Amino acid sequence: MGALVLIALSVVLQAGSDGFLSGRLAVGGSLLFSACAFAGTTAVFWTLARVRGHGPPREPGARRQVIRLTVAMNVATAVTFLGFYLSLVLVPAALAASVMSGVGPLAVAVLDLASGRPTTVAGWLRGSVLLAFSVLTALAMSTEGTRGTAVSAGALAGGLGLVLLAGFGAAYLATASRRLGELGGRPVWVMAHRFHLTYVVAAVLLVLRGGSGTAAGIGPGTAVLVALAGVVIPLYLLQIGLQRARPMIAMVLLTTLPGLSYLAQVGFGQPFDPLACVLVAALIALAVISARYESSAPARPRRVRWQPVPVPAPVSVPFALKQGHHE
C-alpha cells in the first residue's frame, strides 16, 4: 500500500506542475525546461548517491544486471520522451497524453505475455476499458479551438504510432524498475543514472531548432520551484513506487495523470467543461478500483517452459558379471 501512495502522490505533483506550465511554455521553452529539469535531477541524485555511498549491488551477477537494466532504461526514457514530443507536432496534446498513459496497462500485459506471465482475461478487459475512457476523456478535454482543427489521416496515424511507442516505453520502464527493486538497485542511484540520454536528446533537439527557447510568464526562480515540485520530487517518489509495486498497478494509476492535469489547468484558469470533468472523475474512479483489484490479486508466476529431463546413460556391466562367472 505504501508504494501505491507514493505513486499517487507523484501523479498529483506531476499533474499540478503540468497544469501550471500549460500555456506558459513555447516549444523551445518546453525543451529547455526538460533539458534543465532532467539534468538537474541527475545532478541532485548523483550528489546524494555519492554522499550516501549508494551504488549498484556488490554481487557481480546482480551488479551486471542492474547496470544493463539502467542502460536500457536510459534508452526507454529517451524513446518515451522523444516519441511523446514528436507526437505533439501531429496530434493534439490532450489526445497524445491520454493515449500514451491509457495504453500503459495493455502495454504491460503485452510485456508480461512476452516474458511468460500472461495477463488474465479480466486484466486485458480492464486495460481496454481504461484506454477507451482515456481517449473519450481526451476528446472531451479538447478546447473549442482544438475541436475545430482538422487532422489528416496520415498525421493522425503517425502521431498515434509515436504515442503508442512512448506508451510501451513507459510500460517497459515500470517493468524494468520492478526488476531493479528485486535486484537491490537503490532508487537514488537509479535516479542518478537513468536520465542521461533524455537530457542529451532534449538539448540536441533544442540546438537543432536554432534557439534557446522562451518561457512566457515564468521567471528563473519559478522555473526552479516547478522543476523541484514537478520533476525532481515526483520522479523520485515514482521510482521508489515502481520498484516496489507491480508494473500493472503503476500503469493503471498513471492513466489518471492527463485527467488530473486537466483539473489542475482548470484550477489555474482554463475554462470549465462539465462533460470533461465527469469523464475525468469516472476515469480516476475506474483506475483506483482497478489498482485496488490488482493489488489484492495474487502475483502471477512466470510460466516455465517444459524441458525434457535428461536420462542417465545405462551403466556398462562386464560380460563376466552378467554370466555370474568369477575368477
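Let me start with Leu-197, which lies in helix 10. Helices here are DSSP runs of H or I with at least four residues, strands are runs of E with at least two, and both are numbered from the N terminus. Leu-197 counts as partly exposed, at 34% relative accessibility. On that scale, buried means under 20% relative accessible area, exposed means over 50%, and partly exposed is in between, with a 1.4 Å probe and protein chains only.

A word on the source. This is a predicted model: local features need pLDDT of at least 70, side-chain atom pairs count only at pLDDT 80 or more, and totals for chains, interfaces and linings use all residues. Residues are numbered from 1 along each chain as its sequence is written, and side-chain values use heavy atoms, with hydrogens and water left out.

Back to Leu-197. Together with Val-75, Val-200, Val-204 and Leu-208, Leu-197 makes a nonpolar surface patch of about 430 Å². Patch residues have over 30% relative accessible area and no salt bridge; nonpolar side chains (Val, Leu, Ile, Met, Phe, Trp, Tyr) are joined within 5 Å, like charges within 9 Å. Which helix gives the largest share of the patch? Helix 10, residues 196–209, with 4 residues.

Now the whole protein. There are 15 helices and 0 strands. Of the 327 residues, 43% are buried. The protein exposes about 16,900 Å², and carbon and sulfur atoms supply 69% of that. Areas come from the Shrake-Rupley method with a 1.4 Å probe; for residues, only the protein chains shown count as cover.

Next, contacts, meaning heavy atoms within 4.5 Å. Take those with a separation of 6 or more: residues 24 or more positions apart account for 89% of them. Gln-14 is a case to look at. Gln-14 sits in helix 1, residues 2–21. Is Gln-14 buried or exposed? Buried, at 13% relative accessibility. Set aside the neighbours within four places in sequence, and Gln-14 touches Gly-230, Pro-234, Leu-235, Leu-238 and Leu-257.

On to a helix pair. Helix 3 (residues 60–87) and helix 4 (residues 93–102) have axes that come within 9 Å and cross at roughly 145°. Those axes are lines fitted to C-alpha atoms, for helices over the stretch in contact, and angles run from 0 to 180 degrees between N-to-C directions. Who makes the contact? Thr-80, Phe-84 and Ser-87 from helix 3, with Ala-96, Ala-97 and Met-100 from helix 4.

Last, the charges. A salt bridge here is a side-chain nitrogen of Lys or Arg within 4 Å of a carboxyl oxygen of Asp or Glu. How many salt bridges does that rule give? It gives 2. Arg-178 pairs with Glu-182, the closest N and O atoms being 3.8 Å apart. Both lie in helix 8, residues 153–183, 4 residues apart, about one turn of the helix. Arg-179 also pairs with Glu-182, with the closest N and O atoms 3.2 Å apart. That pair is 3 residues apart in helix 8, again about one turn. So Arg-178, Arg-179 and Glu-182 form a linked network of salt bridges. As for exposure, Glu-182 is exposed at 52%. Arg-178 is partly exposed at 25%, and Arg-179 is partly exposed at 34%.
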